[in-house]
Amino acid sequence: MSGLVDLHCHLLPGVDDGAKSLEDTLEMARALVELGFSTVAPSPHARPEYAPPELVEARLSETRAALAREAIPLTLGRNAENVLDEAFLRGLGTPAARMLGAGPYVLVELPYTAPVPALPDILFRIRTKGVRPVIAHPERCLEFERKGRAAEAVRAGALLQLDVGALTGRYGGGAKKLARAFLEEGLYALGATDLHAPVGARDWVGRALEELRARAGGQGFERLMRANPARLLAGEALESEGD
Ligand SMILES: [Fe+2]
């Protein structure tokens, strides 16, 4: 049986605020393998101040080669963490779009400290392009502190991605409370590490995964960390859904 699947981490070297060097990348990869992961879709921030897609693509190839050379059994997929701006929306449906795998899913992030009153309209625009948004770490975003907003996004067709570290308080008490509540309400479609650096990775990700298993149960854990992310990366529908 294949291992866990991480659709949100900053594993590629020198493309954003994640791994700073190939040594960082390899150390992070080894930690993920030890924690049970077999597949990762590194998600560099798609922002003007960070690496353009061509450089990300080159780093993805280099990292795959380095993993093979070091005999680290981790399969890498394509991905990016997109900002919900006008350029992103215009790019959807064109070759410029930075999709999760080959689509139709796309990973997006909202601002942490600013409201997004237009969120329902934005989600609608994404869906009309035949694309399904996966929202990164909603528990860390101000917009989802508004009561009912997370459930509303799910009803609008978004998939919510838990940042597992939130469960153990890595991002503060507010994010911890929201993460635990959204998990309890069954709002998450998947979990991910959002790993940025090798320091302490085995320890904090390990504890976060244990917390998730304790709260979601064995079956819930499998669904959030293995079955659903594998299906999204392959472009397949989730088991519980018809579309
Ligand atoms: Fe991220």
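Select valine 134 to begin: leaving aside residues up to four places away in sequence, valine 134 touches Leu100, Tyr105, Val106, Leu107, Val108, Leu159, Gln161 and Leu232, where contact means that the C-beta atoms, placed from the backbone, lie within 7 Å. The model is predicted, and local features need pLDDT of at least 70, side-chain atom pairs count only at pLDDT 80 or more, while totals for chains, interfaces and linings use all residues. Residues are numbered from 1 along each chain as its sequence is written.

Next, select Leu7, Leu100, Val134, Leu160 and Tyr188, which have the most contacts inside the largest nonpolar core, a set of 69 residues. Such a core joins buried Ala, Val, Leu, Ile, Met, Phe, Trp, Tyr and Cys residues through C-beta atoms within 7 Å. Helix 7 (residues 201-233) gives the most to this core, with 10 residues; helices here are DSSP runs (H or I, at least four residues) and strands likewise (E, at least two), numbered from the N terminus.

Now move to helix 4 (residues 119-128), whose buried residues are Leu119, Ile122, Leu123 and Ile126. A residue is buried if 20 or more other C-beta atoms lie within 10 Å of its own, exposed if 12 or fewer, and partly exposed in between, with C-beta atoms placed from the backbone. Looking down the axis of helix 4, you will find its buried residues within an arc of 100 degrees, so they line one face of the helix; the arc is that of the directions from the helix axis to the C-beta atoms. These buried residues pack against strand 7 (132-136) and helix 5 (149-155), whereas Asp121, Phe124 and Thr128 are exposed on the other side of helix 4.

Definitions and conventions
Contact = placed C-beta atoms within 7 Å.
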